[in-house]
Amino acid sequence: MVFKRLMKAMGVGGPSVETVLANPNCRPGGQLEGRIQVVGGDHQVDIDHVTLGLVTRVEVESGDNDYDTTQEFHRQRVTGAFRLEPAQRHDIPFRFDVPWETPVTELYGQHLHGMTMGLRTELEVARAVDKGDLDAVSVHPLPAQERLLDALLRLGFRFARADVERGHIYGVRQTLPFYQEIEFSPAPQYARSINQLEVTFIADQQQMQVVLEVDKRGGVFTEGRDAFGRFTVDHATADRTDWTAELDGWLRQSLSRRGLFS
């Protein structure tokens, strides 16, 4: 009896949890739907709650050191307390809201190198938290984001990698504690002037803020520097702009002002 109580306290023979997504694909501002299956173990337990959390890998700069960490950035409780009998199955349907600022992980059917995203199921039993399942999630760009990214590809830029960096961008309305940078290698016509182009989207329900950062090449007697551009795009009117011409014009103007493009 003492041994059984000890094993019970350690969670041995306790409930198991499995999350099944109806579709692992979503967009920022959308929803993930599915169900959570909780199956009782060999003894009765009281479940305090079941919670879902969206997690991603975040790069953190700390002094002279950089490191990656897994960060949960959105939580949603899907059930309150309930009692689970031995071997009993308890199904919990859910709809999980995906934040508008959620980083993108897919582009034109291809996974963005450097990105990870998952939906984690958390089961709390007697104040002991079991992280349970972690299910991969694919986040596709919003239509307005697709239009800008497609314009860069038409200009000849090539996708290099993407990452998520902890921190806030100055002058940008931002609710999450991090932001995504999508990095592109330069198009041939810009290759002598810049090393790379980084794009960041900060979206909400009505619009998105776009931040462009150009990493410039240094000359023989000059140091390479960054140039920044920032503008806002309404979701409803994004398709009314020739983004290929707009982005090309901004890049040429920015580089010409510094004598790096003619």
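I'll start with helix α2, where the buried residues are Ala 144, Gln 145, Leu 148, Leu 149, Ala 151, Leu 152 and Leu 155. Seen down the axis of α2, these buried residues fall within an arc of 150°, so they line one face of the helix. The arc is that of the directions from the helix axis to the C-beta atoms. Buried here means under 20% relative accessible area, exposed over 50%, and partly exposed in between, with a 1.4 Å probe and protein chains only. As a reminder, an α-helix has 3.6 residues a turn, so residues three or four places apart point the same way.

Before going on: this is a predicted model, in which local features need pLDDT of at least 70 and side-chain atom pairs count only at pLDDT 80 or more, while totals for chains, interfaces and linings use all residues. Residues are numbered from 1 along each chain as its sequence is written, and side-chain values use heavy atoms, with hydrogens and water left out.

Back to α2, residues 143-155. Helices (H or I, at least four residues) and strands (E, at least two) are DSSP runs numbered from the N terminus. At 1.5 Å a residue, the 13 residues of α2 should span 18 Å, and the end C-alpha atoms are 19 Å apart, which agrees. The expected span is 1.5 Å times one less than the number of residues. After α2 comes Gly 156, with a positive phi near 105°.

Thr 244 is buried, at 18% relative accessible area.

Two further pairs. Pro 99 sits in the loop between β7 and β8 and counts as buried at 16% relative accessibility. Its C-alpha atom is separated by 9.6 Å from that of Thr 175, 76 residues apart along the chain. Glu 213, in strand β17 (residues 207-216), is also buried, at 17%.

Now the cavity. On a 1 Å grid over the protein atoms alone, a cavity is a set of points where a 1.4 Å probe fits but cannot get out, and lining residues have an atom within 4 Å of a point. Grid points are joined across faces, edges and corners, and a volume is the space filled by probe spheres set on the points. The count is one cavity of 30 Å³ or more, and the largest cavity holds about 50 Å³.

What lines the largest cavity? Trp 100, Glu 101, Thr 102, Pro 103, Val 104, Gln 145, Gln 180, Phe 201 and Ala 203 do. Domain 1 (1-139) and domain 2 (143-256) each supply at least three residues of that lining; the bounds come from an automatic or database domain assignment.

Last, backbone angles. Most residues other than glycine have a negative phi. Ala 87 is not a glycine, but has a positive phi of about 65°. Ala 87 lies in the loop between β6 (82-84) and β7 (89-97), and is exposed at 58% relative accessibility. Tyr 108 also has a positive phi, near 55°. Tyr 108 is in the loop between β8 (106-107) and β9 (110-111), and is partly exposed at 46%.

Technical notes
1 Å grid on protein atoms, 1.4 Å probe; cavity = no way out; pocket = protein on both sides within 12 Å on 5 of 7 lines; lining within 4 Å.
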